Structure formats: structure tokens, C-alpha cells
Amino acid sequence: MRLKIVRKTSLLILLVLSYVLYYVPLTFTEPQHSICLGRLALIIVVDGAEISIVNGLEEFNLLKNYGIYFSNAYTVLPSATTPAHTALAYGTYPNVSGVVYTYAVDREEYHVTKEDIPKTVSWYDQIMSESIVEVARENGVLTALIVGKEKLKVMMGLNQVADVLKILPSELAYGVYDPNLPIEARYRQDEWIINETISVIRSWSELIHSGEYALVIVNLPALDWTGHACGPESEEYYLVARHAFQQVLSLVDIIKAEGLWNNTLMFVLADHGMSDTKPSKMLLPSKDKHHWGVLTGIRHYLIDTGGTAAFIYLKDKRDLEKAVKLILKSNLADAIYSISPINSVNGTLEDVGLNSPFAGDIFVSLKNGYQFSYPNEGAHGGVSTQKIFMFMLGGVISSKLTYSNEIVSIVDVAPTICEFLGLPIPESFKGKTLNYFFAPKVSLKVSISPSVIELTDSYAESTILVNGSVEVPSKLYIYVDEEEIKSSDISGEFSETVSIKVEEGEHTVLVKILSDGKVIGGATSKIFAVKIRYLPLPWNLIYASIVIGVLISLIPLVLLIINMKRKKL
Ligand SMILES: [Zn+2]
């Protein structure tokens, strides 16, 4: 009886095995082509760099040699670190990203609860849309975040993942608001960030050269802290600003030395400015930092957003007009935005992209010199620090353009980088792409047939067809596994065909279009050539029988071992 079962099972195994040996199905799918202009995208934020101060620095003006300077760039409201970096990474305004400040209040919930002190909502819990770090990762782009402040993790989006995450160690961020902190300690903060950035770029350099894409986002924190502690017109602020731009220039040199500059797009910008404030002009000097004297009699909660601006959450939303009247009467505000239209204010929250569920009923920006709850020499948050500097640098930018006075926004950075890296632009990205500043336009399509090959011989033939159009006469290069297969001069509409012999394995096809020595377009694709190893009938059956035979002959040995173990027990 037992013998019969063994025989039947082995026959079944034999049949299955012979089928497996006879045919291994291929599971490859058609590879995707990607068209891109470059490989390395960088965003360098000089935190709290006041345009009216830094634009006089020699180091700042040297950056104009490497691309375009935008003289009319603006950040979002509140002009503060968390909302500005969110706008930067999410390509949109707070009413879409949700994030209005490092912490905030759910406005509608506050209206309906009984408590005077609301539950606050963290930056993470305000997130409502997608960040460029998430888009990049979904599309296989390497991502790095090297920042001076923990809260800047907001740029990673809901997933909170990046390939590299570096945050300035707390011992280097000690005593930053102390005006007597030695200047060398401030220098060390930005040096740490730039050194980490350089080591990431060096470690990825080879990968980028071999066809990988990378997005690196950097925040230099020292200038913001110096501005708060010493004021934007201080000697310390001037020195730390010079040092920050020296660091940026040294980073440009490193990227050039790594041979990556011609495929690099690098934004250098401020997240917000810095205005001169007086410790004596602090409006909320008492322990209670959340209730403003000018609104006496109105139940409200105030969140200071950087010093010179605040959100006011009303307990009773019917108090809106009364509250606005009191603020106007105080003569302290230089701009007021309200949740619903009121004649006497500058506009609604919606008008300035601030209508997030976490914004207050009123956003108030203070007049020059005033601040809410910190006795600082410098602060930001309101409309006076909304103007920022912005550079768009890199070898991909047309060398004819060096300056633009077009009005641009911090939200334009993310969609522009998406276009540069060939990434899809999410609908939530409301900024515009600044792509017309790139080198000449190009369209490119690569088709390979066949791209999945079942090899029966040691090699097979495949044909690469490249077609598209270029705006200016250019040079086309086709590489297979980094070896140049073809180069030709192209102009206007073009179509090039090349036949290649491929051996077993995976092969990378790279197509590049260069104009003036700069890469203006490119695409990668893959060819898979697989050799199918099988024995023809009836040899596969004989081979399988031998395998099964060996297995069956092992059974007595196994039984013997089991018996021996039993005896021991
Ligand atoms: Zn900042």
C-alpha cells in the first residue's frame, strides 16, 4: 500500500519537474522610457536671508555667473520657515498643502469646542498634499534632505522617507538665540550642512553618471538664527551671510569637479527675509503669549508665526468684524487678511492662498519694528519679509540668460524641478514651471524592437529607433552599456536607426542630445536578452527520472536517521 503511494507521488513529481525543465516562462514587461534634461536637482535654502542686505555681498553677486537671478521672487504667507519650506517642497500654497505653521489650530473645531485653550495641531497633522520628495521617490529618484532644523522633515511629506536624512546635531545648534554666541560657532553650523551635502554628492556621483537621478534639498540655518539674535543690520548677520554664500560657491566648485554641472539644476533662495525689530516693541510681553490686548473682550487664541505676524483664531466667528475693527484701531497692522470678505482689510485668506483649515480667522502682519512674543533684534512672518532672492543655476540653463525681473514664487521651484528630472507634476502643484529658461527645446522618442529577446543562439539582433525634433542643430549620441554605438548631427525633425547585436543579459540604452556641449535631452531604456535552458524531449524526461531516482534512493537513509533518533529517545 505504502509503496503504491510512493510510486504515484514520484510519477506526479516527475511530470511537474519535466514541465518546469522544459519551459521557463518569461515575465519581463516592456521598459519605460524617460525623457529628461538633467540628473541632479538641488535646492539650497539660505534661511532668513534678507534680500536688501545680502544682495550687496560680493559672494552673492558671484552666483550670477552660474545662471539666472530673479529680482522679483516672493515667498508665501506667513513668511516663516515651516510654511515657506512646505510651499517649496509641495509646489503650492498653504490652502492646498494644509501646512500654515510649525503648529496651528483646527479653526472650525475651535469654534465649536467649549475650551478657551485649543488643542494644537503639529506640522505633520496639517499635511494635505504630496511633496516633491514623495514624487521623486515614487519614480526612482535618489532623495536627500540635509537640514538645520528638525521641523524641516515636513518636506518629506506624509511618508517621512528619504534615502538620506541629515539634521544638524543639537550640540551645534546650542545657544543660537544668544547674541553673544561666538561667530565661529555660527559658521560651524552651515559648514556642517555643506560638508554633509558634499559627501552625499560625492557618494552619488558615480550613480548619477551611470544614469541615476538625484534630488538634494539643503537648508543653511545659521543666518536665520543670527538675524533673530543680532538683527539683520548687525555685523554678525553680515559675516554669517558672507560665509553662507561662500559655502554655496564651494558647493558649485565641487559639483563641477565631479563633472556633474552640465546636468545640474540648482536653486539657491531664501525661505523668507528678516526685518529689524525692537525688543521694546514686543506686543505680548506677559506670560500669556496667546491673547492680544487690543482684542480685549473678544475670546480668541493667537499663534505668533515668526515674530512679525500671527494667526488669530476666534472662539465665536461672529466676532470677525469687531476684531478687525479693534486691530485697525490699534494702528499696529500693515496688512490684515480675513476668512470672509470685509471691506476694510487687504483681502481674504483665499486671496493669499492661506485658506487652510488650520489658518486662523484673521492673519495679521505687523508694522515695521513690532513683534509679538519674542524680544528679538530681528523677526519675520509678515508681508515685509515676503520678498526673497532666488537663483536658478546650472549647466542646463541657456548661457544667454542671466537676469529676470519676472514675478516668480517659491511655489514655482518644485514643478520646475519635476520638469527637469522628467517627473510627473501632481495636480496639487500650483506653481508654474520655469522651463523656458532651459537650453533649447527638444522632443525625443526611443523605440527598441525587440526589447525583450528569447535567445536561442549566443546573440540576437535588435534595432534602436530614435526620432523627434530639436530647436537648434545638435548632436545625437547612442550608447549601449556605456559604449558609443552611434553619433550623428541632427536638426529639425530627425530619425535615426541603428542595429545592434546583443548577448545574453540586461543592456542599457542611453540616448543623449547635446547642443553647445550641454545635454539638452536624453532618454534611457533597457534590452533584456534571456537564454532559455531546456533539454529537448525525451531527454528532459530521462534527466528528471535520474533526479527523482536519486531522491527516492535517499528515503531509506532518511528513515534510518529517524529510527536512530527514536532509539536514542
Ligand atoms: Zn526660516
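Okay, before the first pair of helices, one definition: the axes I'll talk about are lines fitted to C-alpha atoms, for helices over the stretch in contact, and the angles run from 0 to 180 degrees between N-to-C directions. And keep in mind that this is a predicted model.

So, helices α10 and α11. α10 covers residues 222-230 and α11 covers residues 235-257; they pack with their axes 9 Å apart, at an angle of about 175°. Anything over 145 counts as roughly antiparallel, so that's what α10 is relative to α11. Who's touching whom here? On the α10 side we've got Ala222, Leu223, Thr226, Gly227 and Cys230, and they meet Glu236, Tyr237, Val240 and Ala241 in α11.

Next up, the zinc ion. Which residues coordinate the zinc ion? Asp47 through OD, Thr81 through OG1, Asp271 through OD and His272 through NE2, at 1.9 to 2.2 Å. The angles among the 4 donor atoms run from 92 to 128°, and the site comes out tetrahedral. If you like to think in sequence patterns, the donors are spaced D-x33-T-x189-D-H along the chain. As for Asp271 and His272, both are buried.

Last stop, Val105. That residue sits in strand β4, residues 103-105. Buried or exposed, would you say? Val105 has a relative accessible area of 1%, and the cut-off for buried is under 20%, so Val105 is buried. And what is Val105 in contact with? Leaving aside neighbours within four places in sequence, there's Tyr110, then Pro118, Lys119, Thr120 and Val121, then Tyr301 and Ile303, then Tyr313, and finally Pro357 and Phe358. Take Tyr313 from that list: Val105 and Tyr313 are 208 residues apart along the chain, with their C-alpha atoms separated by 7.7 Å.

That's my tour, thanks.

Key. Residues are numbered from 1 along each chain as its sequence is written. This is a predicted model: local features need pLDDT of at least 70, side-chain atom pairs count only at pLDDT 80 or more; totals for chains, interfaces and linings use all residues. Side-chain values use heavy atoms; hydrogens and water are left out. Helices (H or I, at least four residues) and strands (E, at least two) are DSSP runs, numbered from the N terminus. Buried means under 20% relative accessible area, exposed over 50%, partly exposed in between (1.4 Å probe, protein chains only). Contact means heavy atoms within 4.5 Å. Donors are N, O and S atoms within 2.8 Å of the metal (3.2 Å for Na, K and Ca); water is not among the atoms, so sites may look incomplete. Four donors count as tetrahedral if all angles lie between 85 and 135 degrees; four count as square planar and six as octahedral if opposite donors are over 155 degrees apart and all others between 65 and 115; anything else is irregular. Angles under 35 degrees count as roughly parallel, over 145 as roughly antiparallel, 65 to 115 as roughly perpendicular and the rest as oblique.
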